[in-house]
Amino acid sequence: MSQRQLWEISSNTNPGEKVNAHQKIRKFISRYAKPAGLFLIGVLILFIAVEIYNFAKDKQVEKATVAIEDIQDRFAEAVKALGDEKPTLDKCQSYIDELDVVYKKYPKEYAGLRALFMKADIFYTVKDFDKAVSCYKEFAEKYPKSYDAPIAIFNTGACYEELGKLKEAEAEYLNVLNNYAGRYAFMPKLIFSLGRVCELSQRYADAEKYYNQLADKYSGSNYYLYAQDRIILMKAKGQL
């Protein structure tokens with residue numbers, strides 16, 4: 001239809017119909033203008049609120065990161081200053097207290113995650129293996145998707161070994177092997193540890209099985225050489 005045809009149709013429209021149409025439009029605007037305006041204001045307020053939240057979140061993350069990095073740096077310097085002297089719980093307690101504060105304040109941030117893992121590492125370093133187990137387990141349960149989750153589980157097994165709890169140690173190592181093999185970067189060490197636990201438990205055939213896995217998959221690793229030494233020693237002792 002041409003523009004002229006449209007104009008002709010418009011020109012033939014009854015004036016009364018035009019007035020009614022205008023009245024209907026004004027009524028429509030009058031009826032819905034306020035709700036529409038309120039809706040737009042609501043959207044604007046929501047947008048501003050989200051921006052404020054994101055800004056505050058970024059500031060919180062920055063503050064948390066600065067806090068944990070400061071503790072890490074000061075602790076590293078303190079350990080370095082000890083020289084050959086071994087850290088003790090008394091000398092580490094103030095750092096543990098600071099890490100507790102960060103963890104409780106920022107449990108969902110990287111800083112909180114790092115604080116809990118560092119606390120576990122300190123307990124391991126000072127040979128408080130029961131507390132280390134508690135922290136490593138809490139970490140693995142709370143942050144199962146973290147890159148450090150399988151490391152925390154492996155470290156739990158190492159603590160159990162130190163405590164002479166070989167069954168518990170083996171269970172933790174198997175947890176890593178069965179559930180985190182694709183995410184764990186230290187497989188030769190893990191397999192060797194399983195062999196060592198079996199050997200300590202006098203399950204020599206099982207130990208040999210794990211040690212030989214290193215020959216099959218990780219022959220370029222130092223743990224392969226350690227494993228071969230263990231197999232030779234077990235055969236020399238008549239254990240195989």
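Reply: A nonpolar core is a set of buried Ala, Val, Leu, Ile, Met, Phe, Trp, Tyr and Cys residues joined through side-chain atoms within 4.5 Å, where buried means under 20% relative accessible area (1.4 Å probe, protein chains only), exposed over 50% and partly exposed in between. In this predicted model, the largest such core has 57 residues, and Ile122 and Tyr173 have the most contacts inside it. Helix H4 (residues 110-125) supplies the largest share of this core, nine residues; helices are DSSP runs (H or I, at least four residues) numbered from the N terminus.

This is a predicted model in which local features need pLDDT of at least 70 and side-chain atom pairs count only at pLDDT 80 or more, while totals for chains, interfaces and linings use all residues. Residues are numbered from 1 along each chain as its sequence is written, and side-chain values use heavy atoms, with hydrogens and water left out.

Me: Is Glu161 buried or exposed?

Reply: Glu161, in helix H6 (residues 149-162), counts as buried because its relative accessibility is 16%. Contact means heavy atoms within 4.5 Å; leaving aside neighbours within four places in sequence, Glu161 is in contact with residues including Tyr173 and Arg196.

Me: Which residues of H10 are buried, and which are exposed?

Reply: An α-helix has 3.6 residues a turn, so residues three or four places apart point the same way. In H10, Ala227, Ile231 and Met234 are buried. They cover an arc of only 65 degrees (from directions between the helix axis and the C-beta atoms), which puts them on the same side of H10. Asp229, Ile232 and Ala236, on the other side, are exposed.

How values were computed. Helix = DSSP H or I, 4+ residues; strand = E, 2+ residues; numbered from the N terminus.
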